[in-house]
Amino acid sequence: MGQLKQEITLLSGIGQLSTTLMGTGLFMIPAIAAGIAGHYSLWAWLILFVLICPVALTFAQLGKRYPNAGGTAYFVRQAFNPRLESAVAWLFVSVIPVGVPAAIALAAGFLQQLLPAPLDGNLSAQLITVALLVGVNLLGAKSSGHLQTAIALAIFALVGAFFWQGDVGMSDLHMPALESSALYSITTALAVMFWCFVGIEAFAHMGEEFKNPQRDFPIAIIIGCFVAGATYWACSVVILKFGAYGSAQFDSASIPWLSEQLFGANAKVLISIIGFSACFASVNLYTQSLSRMIWAQARAHKPQGKMARLSSRGVPFNATLSVGIVLALACLVGYLSGLDLEFFLKLANSVFVLVYLLAMLAAYKLLTGSAKWLAALSLVLCTLVFVCLGWSMLYALTIFSLFLFQGQKQAKKAQI
């Protein structure tokens, strides 16, 4: 069966989390937030970072004390029981057919601009993206971490170039005076912007592969969140300065439009490369975490089974291939059915927020002292966000209930 290799350093951990948090969000969320709240979106980013800090710090404490590839499911097992752990594990895996393919479709949109005919079709670009994801994951966490660190540096360089070429001055960094009339627009923007920090729960699955998890894992979460938040805020400053927002179509193309305005049409290829890389980095961590979740469940319940096997590089080989096959099939179904991308994203978000909520519940039981009260605050925050999801939260609740009920049935049979 073996153990996962401890290859992730502090720097590569920061690179993995920051690129995952930015991912597709950097290319549309700052413009959407600007369209909702205008210059008050700068305040919204600061408020969001303050709100997400308790959640990030709680995950950091959990990962420091319980580094395991099972992530939130493992935390729940330590706090409650194996049946609840299994339900949480399969809840997280249920995001494969609805959430990850949606992100792959966004990444494929950038990749299409780089592929020659006849490979530049939407479906072929998605399948190539899946193949690259599987290939990078099979190389191991160390190689994947180096790649994502390089992508993170490219994103920072792009935003820095925007500042330099856009001649951003102190007047552009000025925060508008807060007024009571701005409260509604700020809270509305926050509801959209929260998804920029979805990814911390996936990073929890990588704790077991850190060289020094007790020291480096919590630091990677804290710095990774700060780096992502600062990058989002800086990108928003440039978008507001040049008015690169205003409509749904324009919001999703704000970064390419800015690049063309500041650097000329020749920058199109470079932006496509960086855009694909950022989206790829985001999906890559989820592919890693999903395969490790499957492997961790197999290790716990069927240690001699195929899914519990590791490759010579210390990678869950069969679990990674299984995730890749499901992703390819989901992309094919999504392409043929023509289902709305936004619909899939809403379903996936409900799963992520419920996983956050369950992790905070486990943390409240496991942690002590000030960390326990921090977990309580995070639990209240996650509960409020989950309620605000509306109808889409029914998907996560239904999936979770089904797996929990199935686990109880199996437990009763075992007792008989």
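**Contacts, core and backbone**

Author: Leaving aside residues up to four places away in sequence, phenylalanine 49 touches Phe197, Cys225 and Phe226, where contact means heavy atoms within 4.5 Å. This is a predicted model, in which local features need pLDDT of at least 70, side-chain atom pairs count only at pLDDT 80 or more, and totals for chains, interfaces and linings use all residues. Residues are numbered from 1 along each chain as its sequence is written, and side-chain values use heavy atoms, with hydrogens and water left out.

Reader: Where is phenylalanine 49 found?

Author: In helix 3, residues 41-65. Helices here are DSSP runs of H or I with at least four residues, strands are runs of E with at least two, and both are numbered from the N terminus.

Reader: Zooming out, how many helices and strands does the protein have?

Author: The protein has 18 helices and 0 strands. Its radius of gyration is 21 Å, close to the 22 Å from the globule rule for 416 residues, so the protein is as compact as a globular protein of that length. That radius is taken over C-alpha atoms, and the rule is 2.2 Å times the number of residues to the power 0.38. Along the principal axes, the C-alpha atoms fill a box of roughly 70 × 55 × 40 Å.

Reader: What share of the residues is buried?

Author: 53% of the 416 residues. Buried means under 20% relative accessible area, exposed over 50%, and partly exposed in between, with a 1.4 Å probe and protein chains only.

Reader: Which residues touch the most other members of the largest nonpolar core?

Author: Phe59, Leu91, Ile200, Phe203 and Ile221, out of 134 residues in that core. Helix 16 (residues 341-366) gives the most to this core, with 16 residues. A nonpolar core is a set of buried Ala, Val, Leu, Ile, Met, Phe, Trp, Tyr and Cys residues joined through side-chain atoms within 4.5 Å.

Reader: What does phenylalanine 59 touch?

Author: Its contacts include Ile200, Phe217, Ile221, Tyr356 and Met360, again not counting residues up to four places away in sequence.

Reader: Next, alanine 89: buried or exposed?

Author: Alanine 89 is buried, at a relative accessible area of 1%. It is found in helix 5, residues 82-93. With residues up to four places away in sequence not counted, alanine 89 touches Ala73, Met293 and Gln297.

Reader: Backbone now. Which peptide bond is cis, with omega near 5 degrees?

Author: The one from alanine 117 to proline 118. Proline 118 is in the loop between helix 6 (100-111) and helix 7 (122-138).

Reader: What phi does aspartate 167 have?

Author: A positive one of about 50 degrees, although aspartate 167 is not a glycine. Its place is in the loop between helix 8 (141-165) and helix 9 (183-193). Aspartate 167 is exposed, with a relative accessible area of 61%.

Reader: Which residues are buried in helix 2?

Author: In helix 2 (residues 29-37), the buried ones are Ile29, Pro30, Ala31, Ala33, Ala34 and Ala37.
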